[in-house]
Amino acid sequence: MKGVLATDRRGMRELGAEEMVGWDEVTQGVVLPSFDQAIGNAAFLKPEERPYSDFSSYTATVASWRVIRPVYNRDICIDCQNCWVWCPDASIISRDKQMLGIDYDHCKGCGVCVEVCPTNPKSLLMFAETETIEEALAKWPEKKKKEK
Amino acid sequence: MIEIRWHSRAGQGAVTGAKGLGNVVARTGKEVQAFALYGSAKRGAAMRAYNRIDDDPIINHEKYMNPDYVLVIDPALAFTDNITEHEKDSTKYIITSHMDKSELIAQIPALQDKKDRVFVVDCIGISMDTIGRAIPNTPMLGALMKISGMFELDFFLDSMKRVLAKFPQKIIDANMEAITRAYNEVK
Amino acid sequence: MAEKMELNEIEVWDGNQAAAQALRQAQVDVVAAYPITPSTPIVEGYGAFVANGYIDGEFVMVESEHAAMSGCVGAAAAGGRVATATSSQGFMLMIEVLYQASGMRLPIVLNVVNRAIASPLNVRGDHGDMYAGRDSGWIQLDAFNAQEAYDMNLCAFKISEDINVRLPVMVHQDGFTTSHTAQNVRPLSDDEAYAFIGDYKPVDEMLDFSKAVTYGAQTEEDWHFEHKAKQHRALMDSYVVIDRVFEEFEKKTGRKYRRLESYMMDDAEVAIVALGATVETCILAAKELREQEGLKAGVVAPRSIRPFPFNEIREVLANVKAVAALDHSVSMGAMGMLYNEIAGAMLSAQERPLLTNFIYGLGGRDFAVDEAKRIFREQKGHADVGYITTEIQQFSGLRGPKLGFYEMKRS
């Protein structure tokens, strides 16, 4: 997971966390550059490889909105990509069709990923924000038997 | 300033006629204006078109006009429309009709006292004979040339050919014939 | 390559044809339009020019004027030269997107063929739509005849796309009175016209994939005010470029335009301030009054409605005794827009004229030379006695009992 998230640059644009410039310095037409430098191949780069600017929401976090969060269990996951397809905030991190984890800087805790997870038991479950990943994994339920 | 008012029905070509006249006149170095007054009109509704012609740029945009010439290209409008509205002592009338002049004037009280200023030509008949459709605008221009002496017939025909250049040759020829006949037949 | 068109030195065009020809000569890349009377022939003309090979461009048919302006915003943000046309109800439906276009600083040229606004429904010309657009952040240029509709369009692209402006521009002309009145128009050749406007220079274009950008960001109380202030400043400052473009246009054509036009104002004792084709009718009235009655009448007309020529108004009306502001639209519940703008400017002037307001010509009602003369004479009456002898707001050409509002306060 390390290096996949741009965590070290996050938080810059949270309200009040930066220097607020005056009318003479704001960008013309509220046009905001996504990257710090010109790149010709953004579509072929993984997000963590792109030089996102502070104006991009990629470098901002909305983690504080969340009270419960999905926890991911690698041992059960079948890499079906359902959660990646359905996540409304592009917060499922998947590379080469392999599920890596959750972008907790952008995940708002809606639970859609858990809802669409097809495994038994589910590979994604919602836990309180206060619980650690380890605690959550320790509580993972057993496979449910089909009821007759 | 020469001012002209056309009485027409929407679809008979008064706007095209007024613009065509404007086009020809502009080629002689004069300033022109051509516009029309109609509501959200259907084909067949009575409408009026206007021309102003002057040596100086025309900056008068009022719709009100004391016309020098009144051109009536629909026979019925001579009876139903107020063709003498805002007239001057010198206003000349050119009216489309299959009737001869005395017969027509006898039926329109407003024209009784201005027999010398009324001219009649059968633009509908001429356009049916030549163009094959009831489009009385070009023959009316031929009649106007004769009555006003604005331009020689040959010069006018030549200029109209250029205005109509986008049409097929057959239609241009038919229009030339229509203009010539009206020029010769207006009385 | 688009085909060139051979034009005569003098063409007889109405305002719509003149505007369509200007769009062709500007080689507009995209027109997204939902045609409406009386502006229809402009976009229809553009479409025909594209279909016949005279423009390398795209005519986008949409399902409403809101969509038309949205299409224009998208195409302009993508990095193309963009224009469209509308009137009246269509303009009203566009309004939400007009603010988007100006807020995003997109150079779009919108031909507004002015028409009255329902209800009651009316297709003819007044300035209801023009007035509804006056806070939208667009530069608003006004053409008084067909020639000027052509000229203002050429200037509009050059002003709008200037790197120091980058604001959308409306070119106004009066519905029917200008749009459907054919007059002598002296166009530039295709090459001259295009050379005058110049190639489109994209800024922050979305089709530059090396430089991804976001358009239409959300800002709350932390940023919104600064962005709006910057935009207002750009519009206020755009006069510098407008003046320069008008100067370049004069060098090319001999036709001189100013943000505030004035006629016979050097020694004028009374004046009319107006917009649209009415300006020319008033000039004719002033000329005749000077010749026939020795009345020193003059006419003042904002060519640029936005940015409003505040300083120029103060200068030109400095020594005038009585002024009538003619509003071709009624600003419901208040004095007319022109009256208010002029009053605002003159309040900080050393000498103030007696200022009255006439609402005239709603729904296309004729405004005659004789009526302009009557208004001039009435101003002379105010000037002679030194106060406004009538109500301050009056109505010209209205049937029924005399309607008027407010009288001058005199001690």
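Residues are numbered from 1 along each chain as its sequence is written, and chains are lettered from A and ligands numbered from 1 in the order in which they are written. Because the model is predicted, local features need pLDDT of at least 70 and side-chain atom pairs count only at pLDDT 80 or more, while totals for chains, interfaces and linings use all residues.

Helices (H or I, at least four residues) and strands (E, at least two) are DSSP runs, numbered from the N terminus. Two strands are taken to pair if DSSP finds at least two bridges between them.

Strand 14 of chain C pairs in the parallel sense with strand 11 (residues 270-273) of chain C over four bridges, and C:I272 stands opposite C:A324. Strand 14 also runs parallel to strand 15 (residues 354-360) of chain C, to which six bridges join it; here C:V323 stands opposite C:L355. The chain passes from strand 14 through helix 12 (residues 337-346) to strand 15 of chain C in a right-handed β-α-β crossover (with the strands pointing away from the viewer, the path from the first strand over the helix to the second runs clockwise).

Chain C touches both other chains described here. In the interface with chain A, 18 residues of chain A are in contact with 20 residues of chain C (C-beta atoms, placed from the backbone, within 7 Å). The chain A side comprises 12 nonpolar, five polar and one charged residues, where Ala, Val, Leu, Ile, Met, Phe, Trp, Tyr, Cys and Pro count as nonpolar, Asp, Glu, Lys and Arg as charged, and the others, Gly among them, as polar. Strand 1 (residues 32-33) of chain A pairs antiparallel with strand 9 (residues 213-214) of chain C over two bridges, A:L32 having C:T214 as its bridge partner.

In the interface with chain B, 19 residues of chain C are in contact with 18 residues of chain B. Helix 10 (278-293) and strand 8 (182-185) of chain C each supply at least two residues of the chain C side, and helix 10 gives the most, with five residues. That side divides into 10 nonpolar, seven polar and two charged residues.

Strand 2 (residues 31-37) of chain B pairs antiparallel with strand 8 of chain C over two bridges, and C:A182 is the bridge partner of B:A34. Strand 2 is also joined by seven bridges to strand 3 (residues 46-54) of chain B, again antiparallel, with B:A34 opposite B:N51. These strands belong to an open, mixed sheet of eight strands in the order 6(B)-5(B)-4(B)-1(B)-3(B)-2(B)-8(C)-1(C). Its edge strands are strand 6 (118-121) of chain B and strand 1 (11-13) of chain C, each pairing on one side only.

Within chain B, 12 of the 13 residues of helix 1 are buried, so this helix is largely enclosed by the rest of the structure; B:K19 and B:N23 are among the buried residues.

Technical notes:
Contact = placed C-beta atoms within 7 Å. Buried ≥ 20, exposed ≤ 12 C-beta atoms within 10 Å, placed from the backbone.
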